Amino acid sequence: MARSSILLLALANSHSHGHHGHAVDYTHYVDELWTNVNYDHDTLHFTTVELHDFLVFADTNKDGSITRHEYVTAATKDAPDLTAFSHGLFDTFDANNDHHLTLDDTTALYDRMDSDGDGFITKPEFYTFWTNVLTSLAHTHGNGNLLG
Ligand SMILES: [Ca+2]
Ligand SMILES: [Ca+2]
Ligand SMILES: [Ca+2]
């Protein structure tokens, strides 16, 4: 399964299993995501190379830029019901809101994940970032229309 789909399915599961007004524990999903994106299995750091690999799968025409259409199409390939979530994720990744994911966006994204600014993303920083993203997306998009 594509790595992106793991994240999307995590979102879907958290949505369908979450009870209204009850905080959802995303640890399990972020754990799965961490295992799948941390390609070199050093278990300590998430690197810019790994972040790039996490996103570049969606650049289907290999022009170095991922359009919203490319991302949503690639991300929902195995999970067609999750279009709304994938748009939310694209918005999260597209730091400068120009509807293309480029190196500028991944650099900005990396800096946002690296909350103490030491140039490395540790597992706790990765967890904090993704838990916030998942919580915020579930809040924004977590209504009855989302998966229907
Ligand atoms: Ca492209
Ligand atoms: Ca952009
Ligand atoms: Ca750090």
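**Entry 1: H4 against H5**

I looked up which residues of helix H4 touch helix H5 in this predicted model. Arg68, Tyr71, Val72 and Ala75 in H4 meet Thr83, Ser86, His87 and Phe90 in H5. I count two residues as in contact if their C-beta atoms, placed from the backbone, lie within 7 Å. By class, this contact has 4 nonpolar, 3 polar and 1 charged residues. Here Ala, Val, Leu, Ile, Met, Phe, Trp, Tyr, Cys and Pro are nonpolar, Asp, Glu, Lys and Arg are charged, and the others, Gly among them, are polar.

I then checked the geometry. The axes of H4 (residues 68–75) and H5 come within 9 Å and cross at roughly 135°. That angle makes H4 oblique to H5. Under 35 degrees counts as roughly parallel, over 145 as roughly antiparallel, 65 to 115 as roughly perpendicular, and the rest as oblique. The axes are lines fitted to C-alpha atoms, for helices over the stretch in contact, with angles from 0 to 180 degrees between N-to-C directions. H4 and H5 cross in a right-handed sense. Right-handed means that the near helix is turned clockwise from the far one by less than a right angle, left-handed anticlockwise.

**Entry 2: Ground rules**

I number residues from 1 along each chain as its sequence is written, and I letter chains from A and number ligands from 1 in the order written. The model is predicted, so I take local features at pLDDT of at least 70 and side-chain atom pairs only at pLDDT 80 or more, while totals for chains, interfaces and linings use all residues.

**Entry 3: Whole chain**

I find 7 helices and 4 strands in the chain. Both are DSSP runs, numbered from the N terminus: helices are H or I with at least four residues, strands E with at least two. From the N terminus on, the order is α-α-β-α-β-α-α-β-α-β-α. Of the 148 residues, 24% count as buried. Buried means 20 or more other C-beta atoms within 10 Å of the residue's own, exposed 12 or fewer, and partly exposed in between, with C-beta atoms placed from the backbone. Among contacts with a separation of 6 or more, 59% join residues 24 or more positions apart.

**Entry 4: Leu89**

I placed Leu89 in helix H5 (residues 83–93). Is Leu89 buried or exposed? Leu89 is buried, because 21 C-beta neighbours lie inside 10 Å. Leu134 is 45 residues away in sequence, yet 9.1 Å from Leu89, C-alpha to C-alpha.

**Entry 5: H3 against H6**

The axes of H3 (residues 48–56) and H6 (residues 103–113) come within 10 Å and cross at roughly 125°. H3 and H6 are therefore oblique to each other. H3 passes H6 in a right-handed crossing. On the H3 side I see Thr48, Leu51, His52 and Leu55; they meet Thr106, Leu109 and Tyr110 in H6. The class tally is 4 nonpolar, 3 polar and no charged residues.

**Entry 6: The record**

An unreviewed UniProt entry lists residues 46–81 and 101–136 as "domain: EF-hand". Residues 46–81 are 47% helix and 8% strand, with end C-alpha atoms 29 Å apart. Residues 101–136 are 69% helix and 8% strand, with end C-alpha atoms 20 Å apart. UniProt positions follow the numbering used here, feature names are shortened, and annotations may be inferred rather than shown by experiment.

**Entry 7: Positive phi**

Most residues other than glycine have a negative phi. Asn97, not a glycine, has a positive phi of about 55°. Asn97 is found in the loop between H5 and strand E3 (100–101). Asn97 is exposed, with 8 other C-beta atoms within 10 Å. His99 lies in the loop between H5 and E3, and its phi is near 65°. His99 counts as partly exposed, because 14 C-beta neighbours lie inside 10 Å.
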